[in-house]
Amino acid sequence: MAGGGSVCPPAGLGFAGEYYTVVNGVCSRASNFFGGRPALEQAVGYAVVLGFGAFFTIFTSFLVWLEKRYGGSQHTSEWFNTAGRSVKTGLIACVIVSQWTWAATILQSAYVAWLYGVSGPFWYASGATIQVLLFGAIAIEVKRKAPNAHTVCEIVRVRWGAAAHVVFLVFCLTCNVIVTAMLLLGGSAVVNALTGMDVYAASFLIPLGIVVYTLAGGLKATFLASYVHSLILHVILVLFVFLVYTSSPRLGSPQVVYDRLMAAASKARDCAAPLSHPDQACGPVDGNFKGSYLTMLSSGGLVFGVVNIVTGFCTIFTDNGYWMSAIAARPSATHKGYLLGGLLWFALPFSLATSLGLGALALDLPLTTEEGAKGLVPAAAITVLMGKSGSILLLTMLFMTVTSSGSAELVAVSSLCTYDIYRTYINPNATGKQILRVSRAVVFVFGCLMGVLAVVLNLVGVSLGWMYMAMGVIIGPAVIPLALLLLWRKANAVGAMLGAGVGSVFGVAVWLTVAKVQYGRVDLDSTSRNAPALAGNLASVLMGGAVHVACSLVSPQDFDWETTRREITTVESVAVAGDEELDEERLVRAKRWIVKWGVAFTVVIAVVWPALSLPAGRFSLGYFTFWAAVAIAWGTVASAVIIVLPLVESWGTICRVCAGMFTNDAVYERLDEVNLRLKAIMGAMPEAEKRYEQMQLDRQGAVEMMTHPATVANVAEEDGDTSQS
């Protein structure tokens, strides 16, 4: 179709013809993708949010009840906040994946793929994986030096005193609030775009189910729900990846994706209005080698990668939820769980964004930067590829990420408020029942406030992208002090507090200054750009760390780790593990193992892999096919491991629960256990054993009298006759 002397759609873009129309004889591209038209009915949004919320509330609460009824779990305050400190490798890895999979993992990773091409998914995945790998060393140190801790701030208080405790408690709570805000901002935006559901209603209804099952089962309920969430997430992940690269009639192969990415970024493409609009993807990419999406030589991608690394460290090290996962893990599972969790998590953003993010570009969708910043890139791609069924699957996937991470944030905030405020400053002699009551109250209150927070941020216009870029600036100064908390005995309290304060002021100042100098203004748009975010994040983290290290070198603390072992106590007794698992030599070996492999994998995915891809320049078809194959394979293997491993490790518990549900075997086992204990007591007390045997004989006689009274009477008469004779 001709218009104004030009072909419509433009040459080479016939596959995107539906987004071009002739207006007054001129070929024009659609100014946006969604245009206020949701892909699904509003009722579907309410059904997914309320239906899945109700399902997980009932299902997770039922699992918790089963474990209590047939698995022998004791629902104390310690169990509520630490899951019994006995979680195995597979479930810990699953929990790490679930906690670290935010709405941003799906939405923001696809957005940076849309912005920078293949480098975006890689830097999102690698930049946020290395923190999990390296945090494994901290997790082992928790087991060695503070085995009874409930929160990271408890350790801060014992080591650095009350003033530092308050400072870092503020940082940790701030981190939890920011992460919660990101979850709900991304979740409500996509629910609204896909279904038309009111964004404010979504902000309140999404947390509803989370609050209920977290109230019922605490951290263990979060862990059990995390497994189910991860299972659903990874099944959908594999479906989407194979759809884009093998089965979709719109794409369906790496070659089709490759050819269309080349066409989308062609230098010959006319990007002048109305054939395109300034905020849409069109033509060569600024800062990319030869303007191509098919290259790792991307300045924008690299800058985002650095910001992502800094932001990742800020989140992992200041979010109490990750410290609680370390606390909940069985000592022998801690280091392996974190390493495995990091490698499995890499697959989600890398594989998903390499499919849906690049898929949106290959389809030449008329998405705008505003739509992308709200996290709508994967929603647009899957709507085109699968229609309503794809939109429902993505909505389900998103709901899984928000609920699993949201539950972890609820328990993290609950533990901080319970142990670091209530038990520390209000009621130091609190009983287990009182602590459990306060924990549940905080879960309920914060769960309600989550919705209020999301509504306020939506009203002021804060987006998911802005929160992601700003997070490191705000909480970055606490990263290095908290990392050194258990790694360096010389780290002192004054340096930690001073570093946190100075780093915050300096980081914010640099952030705003760079935004003003480079863009001439300070607003939500300019402060979310790469350069100000990079400068602010680095200034915040590095200044905080430099001040802390300098003060500690001038006046070293020389802390005795026995203090944290002795002064941090549990409320109720908990069987953490056998003595062999808490053996110092064994834990030291575990630390060496995680440091060796954590550093090795960090070097591979953050240095070696990108370095080896640089000589490729702009990828050839063969190189891109290999790249796509790696994404497919990593996603598939990771999905299989995360689904099967927790089941294998917990098979004994599963069988015991099933036996208890359908037979009386569990009852007999418990009776046998009680009988063995009684025999052991009797063996240690000979007089008690004789008395016990006499009681048994008396009881037997009484039973015989009740069951055979005539026989007993005859025996008595015979005894009387004998005595008379």
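Me: Hi! Which residues do ring pairs link into a cluster here?
Reply: The cluster is made of Phe-122, Trp-123, Phe-346, Phe-350, Trp-609, Phe-619, Tyr-623, Trp-627 and Trp-634. Rings of Phe, Tyr and Trp (its six-membered ring) pair if their centres lie within 6.5 Å; planes under 30 degrees apart count as stacked, over 60 as edge-to-face and the rest as tilted.

Me: Before I go on, what kind of model is this?
Reply: It is a predicted model, in which local features need pLDDT of at least 70 and side-chain atom pairs count only at pLDDT 80 or more, while totals for chains, interfaces and linings use all residues. Residues are numbered from 1 along each chain as its sequence is written, and side-chain values use heavy atoms, with hydrogens and water left out.

Me: Good to know. How many aromatic pairs are there?
Reply: The count comes to 30 aromatic pairs. One of them is Tyr-258 with Phe-624: the ring centres are 6.1 Å apart and the planes stand at 40 degrees, so the pair is tilted. Tyr-258 is in helix H10 and Phe-624 in helix H25 (residues 621–649), so to speak of sequence, 366 residues apart, and the pair links distant parts of the chain. Helices (H or I, at least four residues) and strands (E, at least two) are DSSP runs, numbered from the N terminus.

Me: Are Tyr-258 and Phe-624 buried or exposed?
Reply: Both Tyr-258 and Phe-624 are buried. Buried means under 20% relative accessible area, exposed over 50%, and partly exposed in between (1.4 Å probe, protein chains only).

Me: And what sort of aromatic pair do Trp-609 and Trp-634 form?
Reply: Trp-609 and Trp-634 are stacked, with 6.0 Å from centre to centre and 20 degrees between the planes. Trp-609 is in helix H24 (residues 584–613) and Trp-634 in helix H25, 25 residues apart. Trp-609 counts as buried at 18% relative accessibility, whereas Trp-634 counts as partly exposed at 25%.

Me: Switching to cysteines: how many disulfides does the structure hold?
Reply: The structure holds 2 disulfides, each a pair of cysteine sulfur atoms within 2.5 Å. In Cys-8 and Cys-27 the sulfur atoms are 2.0 Å apart, and Cys-271 is joined to Cys-282 with an S to S distance of 2.1 Å.

Me: Why is the disulfide of Cys-8 and Cys-27 right-handed?
Reply: The torsion about its S-S bond is about 70 degrees, so the Cys-8 and Cys-27 disulfide is right-handed. Cys-8 sits in the loop between strand S2 (6–7) and strand S3 (20–23), and Cys-27 in strand S4 (residues 26–29), 19 residues apart. Cys-8 and Cys-27 are buried.

Me: What about the torsion in Cys-271 and Cys-282?
Reply: That torsion is about -90 degrees, so the disulfide of Cys-271 and Cys-282 is left-handed. Both cysteines lie in the loop between helix H10 (254–264) and helix H11 (299–318), so the pair ties together parts that are 11 residues apart in sequence. Cys-271 is partly exposed at 29%, while Cys-282 is buried at 15%.

Me: How far is the sulfur of Cys-172 from the closest cysteine sulfur?
Reply: The closest cysteine sulfur is in Cys-153, 3.8 Å away, which is too far for a bond. Cys-172 is buried, with a relative accessible area of 0%.

Me: What volume does the largest cavity have, about?
Reply: The largest cavity has a volume of about 70 Å³. Its lining includes Trp-100, Tyr-124, Asn-308, Trp-345 and Met-471. H11 gives the most to that lining, with 4 residues.

Terms used. On a 1 Å grid over the protein atoms alone, a cavity is a set of points where a 1.4 Å probe fits but cannot get out, and a pocket is an open set with protein on both sides within 12 Å along at least five of seven lines; lining residues have an atom within 4 Å of a point. Grid points are joined across faces, edges and corners, and a volume is the space filled by probe spheres set on the points.
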